[in-house]
Amino acid sequence: MKKILIILDGIVAKKLMQRIIEANTGDNSYDVIYMSDVILPVQKPSNFTFYKFDPTSKSKLSMVLDKNIHTEVLIALNSKDETLNVIKNIREHTKNLQMTVLDYWGIKVNDSLVNIYRGIEVLANGMVEKLPNVPVLAQNIGLKQGEIMEIRIPFGSSYAYRYIGSIEQKEWRIFGLYRNQKMINIKPSLVLKPNDVILVIGKPDVLMQVYNVIGKTQGQFPMPFGSNIYLYLDLYLEDENSVKKAIDEAKYLNQKLKNNLLIVRVTRPTTVEIMDLIKNELRHFPTIILQIDYANKGFSKIVKEDYRKYNIGMIMLTHEMFKDKERTKSVMELKIPVFKFGKEKLKSVKRTVIILNDTNSYEQISPIVFDISSQLKIKTKIFDLDPIGEKEGKSNLLDHFENLAKIFNEKLEIVTSGENPIRELKKQRNMLQILPLKQDMFKKRFSFKFFYTNSDFIAFDMNKFNQLLIPISEE
């Protein structure tokens, strides 16, 4: 058991004494020197011994110091002179005793064992942290450099409605979450919601970057999934035209989206001519990295290795890749968005399109919809189609999208009717459809499409439109 000496007087003494007793675990023994009975607690724990005298009295202070071997001293007094006098007397009596001193006056002590706790700075920091858009840092925990931070998730953040397992956390971690003033257990499938408060730990400069990204409401994609986009080309499945189109589309997104790099992964090379085409297309772009697999490692192994190496935030795949759903479904494990090429050219896209289905999935992908629209500078169109009269929950979901549109300052068109969703979808042109990425999309289908009523699965099997599939929590 450690013996601690506490010397108290002044305006903070009573509150400080109260906090020490509340924090008491019985593992320490305390000697308390005080001057006013006001600070005394109603009940005195058995491991506290109280002495009432003026702590500037060297003889009386020495009496307490001689009585016990203290490991540390906590000093909070009412004046600068008293504080300096007590520090001097303690040091003359004991050379190696650690002291923590509450300072409101700018005390300077040339003693490495005296830790000055500057009260005015703490008060100022506490008040500033109450202002909006100011990061809240743990002041006296860990290295005391700001490696622990509290961040509130604003409405419209790219982190809102993301499940924790889908958030790339490199050199930082989410270790706590408060919702409605209650602590929630952290798990990968937990979905972050607006006004949630998360506790994060990591390098201070990394945490400031995370804070800035979370606080912004647009223009962040592919974050929070990762910082780079990734094009996978299996040349054994592609011809020259499809390769040229895929590279053109990837280069276009590389220019439009706020990503750092475009990684082009080529596997199973076929002819010298097609390899020369690829190299010539990418030659003069410093933000594009070309990687070639000559060993035929397989889709799953290559993608997992590259995901860890390149911090991938979105993977781009041709429709030929999706003909073998069993092989391609390994992308689900990465928990990142998948861009599925369609027959339309991406440069001709005039709108992002959503066909509302289940509320849970579409609420989760909603911030990404407007983030993409803002970066591509196109409007968003929502189809609220209900041919069999299942309106439950749809009105709240529409309100949610309308509120987000206002936050993002984006144009939103809503089409409400009783039309068949897929029939209506086939009429559209020049669009980027955004869908939730679901496990069942990779299951084998019956040959008769009329057995299916889920518009997400039917749309996923179509090749006309470019599609962006956003990972969700399906729990």
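Predicted model: local features only at pLDDT ≥ 70, side-chain atom pairs only at ≥ 80, totals over all residues.
Residues are numbered from 1 along each chain as its sequence is written, and side-chain values use heavy atoms, with hydrogens and water left out.

Reader: How are H10 and H11 oriented to each other, roughly parallel or roughly antiparallel?

Author: Helices here are DSSP runs of H or I with at least four residues, and strands are runs of E with at least two, numbered from the N terminus. Helix H10 (residues 359-376) and helix H11 (residues 394-408) pack at about 15° with their axes 10 Å apart, where axes are lines fitted to C-alpha atoms over the stretch in contact and angles run from 0 to 180 degrees between N-to-C directions. Angles under 35 degrees count as roughly parallel, over 145 as roughly antiparallel, 65 to 115 as roughly perpendicular and the rest as oblique. H10 and H11 are therefore roughly parallel.

Reader: How do the residues of the contact of H10 with H11 divide by class?

Author: Contact means heavy atoms within 4.5 Å, and residues including Tyr-362 and Phe-370 in H10 meet residues including Phe-401 and Leu-404 in H11. Ala, Val, Leu, Ile, Met, Phe, Trp, Tyr, Cys and Pro count as nonpolar, Asp, Glu, Lys and Arg as charged, and the others, Gly among them, as polar. The division is 9 nonpolar, 3 polar and 2 charged.

Reader: Is H2 oblique or roughly parallel to H3?

Author: Helix H2 (residues 58-67) and helix H3 (residues 80-93) pack at an angle of about 50°, with their axes 10 Å apart. That angle makes the arrangement of H2 to H3 oblique.

Reader: Which residues lie nearest the centre of the largest pocket?

Author: A pocket is an open set of points on a 1 Å grid over the protein atoms alone, where a 1.4 Å probe fits, with protein on both sides within 12 Å along at least five of seven lines, and lining residues have an atom within 4 Å of a point. The lining of the largest pocket divides into 16 nonpolar, 5 polar and 4 charged residues. Of its 25 lining residues, those nearest the centre are Leu-16, Arg-19, Ile-20, Leu-74 and Tyr-117.

Reader: What is the omega of the peptide bond from Met-223 to Pro-224?

Author: Pro-224 is found in the loop between helix H5 (204-215) and strand S12 (228-234). The peptide bond that joins Met-223 to Pro-224 is cis, with omega near 10°.
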